[in-house]
Amino acid sequence: KGDNLIEVTPVTEFVGTAIGDTVGLVIANLDRHLHEKMGLDPKYRSVGIVSARTGAGPHIMAADEAVKATNTEIALIELARDTKGGAGHGSIIVFAAEDVSDARRAVEVTLKEIDRTFGDVYTCDAGHIELHYTARASLALEKAFKAPLGKSFGIIVGAPAAVGLLMADTALKTANVEIVSYASPDKGTAHSNEIIVSITGDSGAVRQSVIAAREVGLNILRSMGQNPVSVTKPNI
Amino acid sequence: KGDNLIEVTPVTEFVGTAIGDTVGLVIANLDRHLHEKMGLDPKYRSVGIVSARTGAGPHIMAADEAVKATNTEIALIELARDTKGGAGHGSIIVFAAEDVSDARRAVEVTLKEIDRTFGDVYTCDAGHIELHYTARASLALEKAFKAPLGKSFGIIVGAPAAVGLLMADTALKTANVEIVSYASPDKGTAHSNEIIVSITGDSGAVRQSVIAAREVGLNILRSMGQNPVSVTKPNI
Amino acid sequence: KGDNLIEVTPVTEFVGTAIGDTVGLVIANLDRHLHEKMGLDPKYRSVGIVSARTGAGPHIMAADEAVKATNTEIALIELARDTKGGAGHGSIIVFAAEDVSDARRAVEVTLKEIDRTFGDVYTCDAGHIELHYTARASLALEKAFKAPLGKSFGIIVGAPAAVGLLMADTALKTANVEIVSYASPDKGTAHSNEIIVSITGDSGAVRQSVIAAREVGLNILRSMGQNPVSVTKPNI
């Protein structure tokens, strides 16, 4: 485990940190060969980057708010099989902008939002559940889950995978919502031990479904003898 | 680490737990949209689900006994890259049945068998080895490894991967057996640090090969300065 | 965690160990069915195997020296998503030789070199960075990264992934070097939480770029409040 830092040489590209070993960086003028290898649109010279060991859902939700609030696009979202031995993902999200100040702003908004979006992630030794809700999906959710832009959108995650399946089943039976995406260890995840289902529909219906999924997920983990707790502070 | 549970609201879908953070669930009437997304045959309304953070071999072996003993089919087996920081897999296994009581029974049998099938999993800090043997392979082993139905079948696993390779080589040279499947970090696993080889042949030959693989695997781990121990109680 | 060993039956195939839970093995006459399943050239009867829970870069660099020093070829390099809960890889490297003494020699050289090649791996709780440099790339680096044979070659790794991206950007802007390969959680890695960029060019330029990448990587990890330390002893 790293000790406290001894000496830090300021790096202009460093923006800040957040929970989940999250780091926010900005590159004013990304090397054009790297640009090409990453498949980015050449018109975007500046990139903002948010990357974490733990968390993909909370980071994508936070990035979705950032892209609404800034003049940026989502260039890339990739999930790693990480969580430091947990059952889920780490992530890297790249914002592209014509101007570096926009890229920086997107990273700052994301880092600020992560504290909130981690609130509906509940963890315990045996696994975790994760809920996300927004009244209006934007570009990060579209990129990551093919969310319909501007529509109400919910994400339901459970680990071990069976927990996510039961949560999704519950959500779909609770209110009139539609599945947008389904991901499991074999497809759509980085072989994480999760089932991740996203839903859309009427705003009230999505919220009600997400809450029902949360309740059944918490109760299954408790039935396993666990005490799942929020990473920060529940919001939904 | 989760504390002891504070309060549990009974969930009708909860069947039970087993070692490896294993949970058993049942859904009497799986939502038909989820059904579709998972690619399940519509005639099976009910599903039984067994899911774990640690273990795939032991769970598939246990499910193989369950499918023999019940009126169910194996709808899906997926492996996650998990083991809570270990070198292997977690898993999700879905039984499909026309009747929910059959699905529940399959989950119950699986949970009960897992204690036995974990007996020939030996773990230590540097890695693990895993042996499985059945005189008669059934539908779970066919689904997961293309095992020939009704034939004698053995599974040999070693981590780090080199250990599995030497174990497999030893097994194949010990008796007159044939390779059924070969999986390594790049193909056939969820990028786990294992080589997994399955074999078939005459019942005595398969058993003898599995035992020889176990001995060389244990001795290599011991040569690494480790003391591999059975998760429960050895059977083979 | 494994206790000290109780009893070891000598196994002729065991060559030795190294840090990272690395084990070195040799098989004088690999079973021909396994041979086939692994896709190896039938002319090579003997294989040397190096496999680890932690590390891929250090092992490939060490194997590159071994293949220069012995009459062997690199038959196979595969990366597992491992590191015992860390953000990176484990690995398996197979040397092929006509003669078992050559295979054994390659494993011995690799095990000896790993201590050195781990020197430029710096780890901390939040992630790690990794630097590698050689004046003359050989067959292991060609196999793993498509390195141009005989040319100066550098590898830059950072985790969480954003750190690797900034390190690569810095390297490319520092001196006149070219990207050879780019790998990220979605492609080219086993879904590890890393960005891995390899470079070639003039020997001095590659070295200078790798050093610049190291400095910015260490400073970002320190800005995250961490104290990254070398696994053994820095060399570059």
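Axes are taken as lines fitted to C-alpha atoms, for helices over the stretch in contact, and angles run from 0 to 180 degrees between N-to-C directions; contact means heavy atoms within 4.5 Å, and helices (H or I, at least four residues) and strands (E, at least two) are DSSP runs numbered from the N terminus. The model is a predicted one, in which local features need pLDDT of at least 70 and side-chain atom pairs count only at pLDDT 80 or more, whereas totals for chains, interfaces and linings use all residues. Residues are numbered from 1 along each chain as its sequence is written, chains are lettered from A and ligands numbered from 1 in the order in which they are written, and side-chain values use heavy atoms, with hydrogens and water left out.

Helix α6 (residues 203–223) of chain C lies across β6, β7, β8, β9 and β10 (195–201) of that chain and runs at about 170° to β7(C). In chain C, six strands form an open, antiparallel sheet in the order β9-β10-β8-β7-β6-β11, where two strands count as paired if DSSP finds at least two bridges between them. Because β9 (177–183) and β11 (229–230) of chain C each have a single partner strand, they stand at the edges, and one side of each is left without a neighbour in the sheet. Strand β6 (residues 121–124) of chain C is joined to β11(C) by two bridges, the strands running antiparallel, and Thr123(C) has Val229(C) as its bridge partner in β11(C). Helix α2 (residues 57–69) of chain C also packs on the sheet, where it touches β6, β7 (127–134) and β8 (153–159) of chain C, its direction making about 20° with that of β7(C).
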